[in-house]
Amino acid sequence: MDTYYTIEEKYLQAVEEMNYGEAPKSLKLLNEILDNDPLYVRAHYQMGKLYYYDLQDYKAAGYHFKLCAELDPSFPDVYFHYIKLLVFLNMELLVNKVSVTALTVPGVYASSIYNQMALCAENNSRWVQALGYYNSALLKVTDKQRQDEIEESISRVKFKMERNKGYTYSLTE
């Protein structure tokens, strides 16, 4: 049995276990960390990721992401995953609220946040708003592949807008 002397060592081991697909071991270590220090922000972040991606427990994931963002609003890593979860759950008001905060935090990749905001708007048939967010994402993107994906999203939204236009019929004599 391994002995870990510091919370940081235990945290690093939990992250390593998660990276090797050992969710149960990682969960155990993260719970031990939070038992010793309930305010350890990084443990809440990893718990959120574990519950979201591995266990699909969205309520628990949301709890840990939200707590992480509240305990340390300047921790940039949490925002993308938290907003992605909120978009998945179609929690539009929270997406907008958390995104506004995220865009002010140094280290947050703004293009990804705008892209998530655009997806939320698109899912709720707010085409013009979605286009605005996709264009903002395009202005902040630094990766060619992501740029291509955003351009495809813009084309998709324009197609939806065109398909959704009402037809006007007029009778002529």
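Buried means under 20% relative accessible area, exposed over 50%, and partly exposed in between, using a 1.4 Å probe and protein chains only. In soluble globular proteins, nonpolar side chains tend to be buried together.

Before going further, please keep in mind that this is a predicted model: local features need pLDDT of at least 70, side-chain atom pairs count only at pLDDT 80 or more, and totals for chains, interfaces and linings use all residues. Residues are numbered from 1 along each chain as its sequence is written, and side-chain values use heavy atoms, with hydrogens and water left out.

Let us start with Tyr79. Not counting residues up to four places away in sequence, Tyr79 touches Ala69, Pro73, Val98, Thr101, Ala102, Val105, Val108 and Ile113; contact means heavy atoms within 4.5 Å.

Tyr79 also takes part in the contact between helices H5 and H6. Helices are DSSP runs (H or I, at least four residues), numbered from the N terminus. Two packed helices are described by the angle between their axes and the distance between the axes. Axes are lines fitted to C-alpha atoms, for helices over the stretch in contact, and angles run from 0 to 180 degrees between N-to-C directions. Here are the two pairs:

| Helix pair | Axes come within | Crossing angle |
|---|---|---|
| H5 (residues 77–88) and H6 (residues 92–102) | 9 Å | roughly 165° |
| H6 and H7 (residues 110–123) | 10 Å | roughly 165° |

H6 is therefore roughly antiparallel to H7, a label given to angles over 145 degrees. The crossing of H6 and H7 is left-handed, meaning that the near helix is turned anticlockwise from the far one by less than a right angle. From H6, Glu92, Val95, Asn96, Ser99 and Ala102 meet Ile113, Met117 and Cys120 of H7. The residues of this contact divide into five nonpolar, two polar and one charged. In this division, Ala, Val, Leu, Ile, Met, Phe, Trp, Tyr, Cys and Pro count as nonpolar, Asp, Glu, Lys and Arg as charged, and the others, Gly among them, as polar.

H5 and H6 are likewise roughly antiparallel to each other, and H5 passes H6 in a left-handed crossing. On the H5 side, Tyr79, Tyr82, Ile83, Leu86 and Val87 face Leu94, Val95, Val98, Ser99, Thr101 and Ala102 of H6 in contact.

Next come two residues counted as buried. Glu122 lies in helix H7 and is buried at 4% relative accessibility. Leaving aside neighbours within four places in sequence, Glu122 is in contact with Trp127, Ala130, Tyr134, Arg156, Val157 and Lys160. Gln46, found in helix H3, is buried at 6% relative accessibility. With residues up to four places away in sequence left out, Gln46 touches Tyr11, Val15, Met18 and Leu30.

Finally, the backbone. Gln56 is a residue other than glycine with a positive phi, near 50°. Gln56 sits in the loop between H3 (41–54) and H4 (58–71) and is partly exposed at 42%. Ser125, also not a glycine, has a positive phi near 60°. Ser125 lies in the loop between H7 and H8 (127–140), and a relative accessible area of 46% makes Ser125 partly exposed.

Conventions: Angles under 35 degrees count as roughly parallel, over 145 as roughly antiparallel, 65 to 115 as roughly perpendicular and the rest as oblique.
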